[in-house]
Amino acid sequence: KSTFIESFGMQLIGQGRKVAVLAVDPSSTIAGGAILGDKTRMERLVRAPDAFIRPSPSGGELGGVARRTREAILLCEAAGFDTVLVETVGVGQSEIAVAQMTDSFVLLLAPAGGDELQGVKRGVMEIADIVVINKADGEMKPAAERTKADYASALRLFRPRDGEAKGYPMALTASALEEEGLEAVWDALAGLDQARRSSGLHARRRKSQALQWMDAAIEAQLMGAFRASLSDGDQLSA
């Protein structure tokens, strides 16, 4: 993921965009810490003047993101970054909270990784806007094309989304190492964003996300106050 994000981010900066990367690392269930090594893995991007990289621990939060990821997105937008990339800890079938705080959801996969049959499952596939098969280079290129075809077929089995742009969701191939296919990924994202803005879906999604964020914030505050009200001797039983 880091290699793809770095190559993708450098291409966007080359187009004159300002890129922020919010990377979420899994926290240890024992010690509670996280490695937070994304800056070291993105050597070129971290030195770019128009890039900002902020690694954060998941802190035990589910959904592939940290507790304050949404607030960090808003801060980056207010600071003038026109493209904010959120790198999750790696989402599964139910860890899809990131889709509730972003404009587009990209599912990044490797070819021939045993994931071809995941396309027939629900969960994460239902909310993916674009499926990108990375590492489509060298000996892996034919496998990447086959994986792309498998996912394209699976995506066509899902019921069309209300008000969604024609042709989405879609499957693409790319090579972060050779920096091929990245422009096609950006064109697909830009096309989706333009279609959603024209139809009003973008504004409706942002409003819905704001309401979900408010509900989550209220719930977190109430649970925090409830737990704080318990004395040391109180226990919760099932």
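Read along the sequence, the protein chain follows the pattern α-β-α-α-β-α-β-β-α-β-α-β-α-α. Its secondary structure comes to eight helices and six strands, where helices (H or I, at least four residues) and strands (E, at least two) are DSSP runs numbered from the N terminus. The model is a predicted one, in which local features need pLDDT of at least 70 and side-chain atom pairs count only at pLDDT 80 or more, whereas totals for chains, interfaces and linings use all residues. Residues are numbered from 1 along each chain as its sequence is written, and side-chain values use heavy atoms, with hydrogens and water left out.

Of the 238 residues of the protein chain, 37% count as buried (under 20% relative accessible area, with exposed meaning over 50% and partly exposed in between; 1.4 Å probe, protein chains only). The accessible surface of the chain comes to about 13,600 Å², of which 54% belongs to carbon and sulfur atoms; such areas come from the Shrake-Rupley method with a 1.4 Å probe. Among contacts (heavy atoms within 4.5 Å) between residues at least 6 apart in sequence, 74% join residues at least 24 apart.

Helix α1 (residues 2-14) packs against helix α7 (residues 182-199) at an angle of about 70°, and their axes are 10 Å apart. Axes are lines fitted to C-alpha atoms, for helices over the stretch in contact, and angles run from 0 to 180 degrees between N-to-C directions. The two helices, α1 and α7, are therefore roughly perpendicular to each other, the class that covers 65 to 115 degrees. On the α1 side, F4, S7, F8, Q11 and L12 meet L182, E183, V185, W186 and L189 of α7. The residues of this contact divide into seven nonpolar, two polar and one charged; Ala, Val, Leu, Ile, Met, Phe, Trp, Tyr, Cys and Pro count as nonpolar, Asp, Glu, Lys and Arg as charged, and the others, Gly among them, as polar.

The structure holds three aromatic pairs, defined by ring centres within 6.5 Å for Phe, Tyr and Trp (its six-membered ring), with planes under 30 degrees apart counted as stacked, over 60 as edge-to-face and the rest as tilted. F4 and F8 form a stacked pair, 5.6 Å centre to centre and with 15° between the planes. Being four residues apart in helix α1, F4 and F8 are separated by about one helical turn. Both F4 and F8 are buried, and ring pairs link F4, F8 and W186 into a cluster.

Methods
Angles under 35 degrees count as roughly parallel, over 145 as roughly antiparallel, 65 to 115 as roughly perpendicular and the rest as oblique.
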